[in-house]
Amino acid sequence: MTNEGTKEKLDIILEAPADFTSPEELYQDLIRTIRKYHPSDDITMIEKAYRLADRAHQDQKRKSGEPYIIHPLCVAIILADLEMDKETIAAGLLHDVVEDTVMTLDQMTTEFGTEVSFLVDGVTKLTQLNWDKDKVEIQADNLRKMFLAMAKDIRVIIIKLADRLHNMRTGQYWKPEKQKEKARETMEIYAPIADRLGISKIKIELDDLSLKFLKPEVYYDLVEKVDLRKDTREAFVQEIVDEVKSHMQEAGIDAAVGGRVKHFFSIYKKMVNQNKTLDQIYDLFAVRIMVETVKDCYAALGVIHEMYKPIPGRFKDYIAMPKQNMYQSLHTTLIGSNGQPFEIQIRTFEMHRTAEYGIAAHWKYKESGSGQVAAGSEEAKLSCCAKSWSGRRIRTTHRNFSVWSRAIWTCFRTAFTALRPQGM
């Protein structure tokens, strides 16, 4: 039986910001977040975008009954958490204005310039009615439009990921059939894109929320069972963290050490792939060591392998051989003093930032008022995707939609590989 108290508590944790915070409070949160990382105090464009979006959505409500402006504000806050530039945040605030209000794209270009209007247009769905197309084909056309815009400016997909994340956070207001439809789309399209871009902060949450709506019984049962032994696991992880900290200090390695339980979708996937129950999955948690240099990473690995017995075949060096999404870290699985297996990840602070924020961590902008992309524009590196798909017209049906998705995904993967920084 699913623990209803656990379900209610989890819903509050995920959705309270959207349900119980006023627009003005959220706007002030947004500005505070921006000022933490933006060297300029000039927020004129963001202020203007918020006021315009607030007026445009004034009479609109979300299915929850809250003012619609809450949604674009939360999208903008997610973008600010990724430390995106002011043009991206302004586009996040305005992303539904053209689609859902009377304002036109030309008017937006006049107000905010071509850069912001391009970003907004990239995430705006095609609205013209075509009775010859079914729902799946319309969805494919919208995805095609978004991918082509993304090929010119990667910020388009980052805005769309923030948009999808907030919609999934508040998905309890959808009808059950829509919850499953959106969750399946998220799991098949948006979570893999977030993974490819290396934005684990978004990818992990999208995976967990998709599981929550696709298989609610499995999800809440997993939440309940993990929670039952939470105190025991936390005590075990803390014991390892304390031991590792002590040994790092003795070795003269300046390190930050922490522990975490792996996210629910990751646990569920491991249970399915290995055909095991939760009680048979031992490495439910990982200890993370963060240091200043690559040299310290390998020094810390030597200390760890001296402390605990490593499991043969469970060591991976993603520093020497990074993943395609720029992820770098040393992974090793060990046996604790009580016989319990656990994983340790070792990386530099810069590697950790890249692991959390992915391509957003490397997206640098000039601080001039022009909002121009810095030299060595990544846009040119993604142009191959646009060229590859320009002019193609594919009639998409329920039968061939997955084939089309794989084809455009292959194109995106190729484009992203070209975008990776040199030496990564």
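Is C74 buried or exposed? In this predicted model, C74 counts as buried because its relative accessibility is 7%, below the 20% limit that defines a buried residue.

**Overall composition**

The protein chain contains 20 helices and five strands. Of its 424 residues, 50% count as buried. Among contacts in the protein chain with a separation of 6 or more, 71% are accounted for by residues 24 or more positions apart.

**Selected buried residues**

C297 and H352 are also buried. The table gives the relative accessible area of each residue discussed here.

| Residue | Relative accessible area | Class |
|---|---|---|
| C74 | 7% | buried |
| C297 | 0% | buried |
| H352 | 18% | buried |

With regard to cysteine pairing, a disulfide is a covalent bond between the sulfur atoms of two cysteines. With a cut-off of 2.5 Å between cysteine sulfur atoms, the count of disulfides comes to zero.

H352 belongs to helix α17, which covers residues 349-357. When its neighbours within four places in sequence are left aside, H352 is in contact with R288, M290 and R347.

**Helix α2**

Helix α2 comprises the 15 residues 23-37. The buried residues of α2 are L26, Y27, L30, I31, T33, I34 and Y37. Viewed down the axis of α2, these buried residues fall within an arc of 160°, and they therefore line one face of the helix.

The five strands form an open sheet of mixed pairing, in the order β1-β2-β5-β4-β3. Strands β1 (256-261) and β3 (309-317) stand at the edges; each has a single partner strand, so one side of each is left without a neighbour in the sheet. From one strand to the next, the twist averages 20°.

Helix α16, formed by residues 294-307, lies across β2, β3, β4 (330-335) and β5 (341-348). Relative to β5, helix α16 runs at about 160°.

Terms used
Residues are numbered from 1 along each chain as its sequence is written. This is a predicted model: local features need pLDDT of at least 70, side-chain atom pairs count only at pLDDT 80 or more; totals for chains, interfaces and linings use all residues. Side-chain values use heavy atoms; hydrogens and water are left out. Helices (H or I, at least four residues) and strands (E, at least two) are DSSP runs, numbered from the N terminus. The expected span of a helix is 1.5 Å times one less than its number of residues. Buried means under 20% relative accessible area, exposed over 50%, partly exposed in between (1.4 Å probe, protein chains only). The arc is that of the directions from the helix axis to the C-beta atoms. Two strands pair if DSSP finds at least two bridges between them. Axes are lines fitted to C-alpha atoms, for helices over the stretch in contact, and angles run from 0 to 180 degrees between N-to-C directions. Contact means heavy atoms within 4.5 Å.
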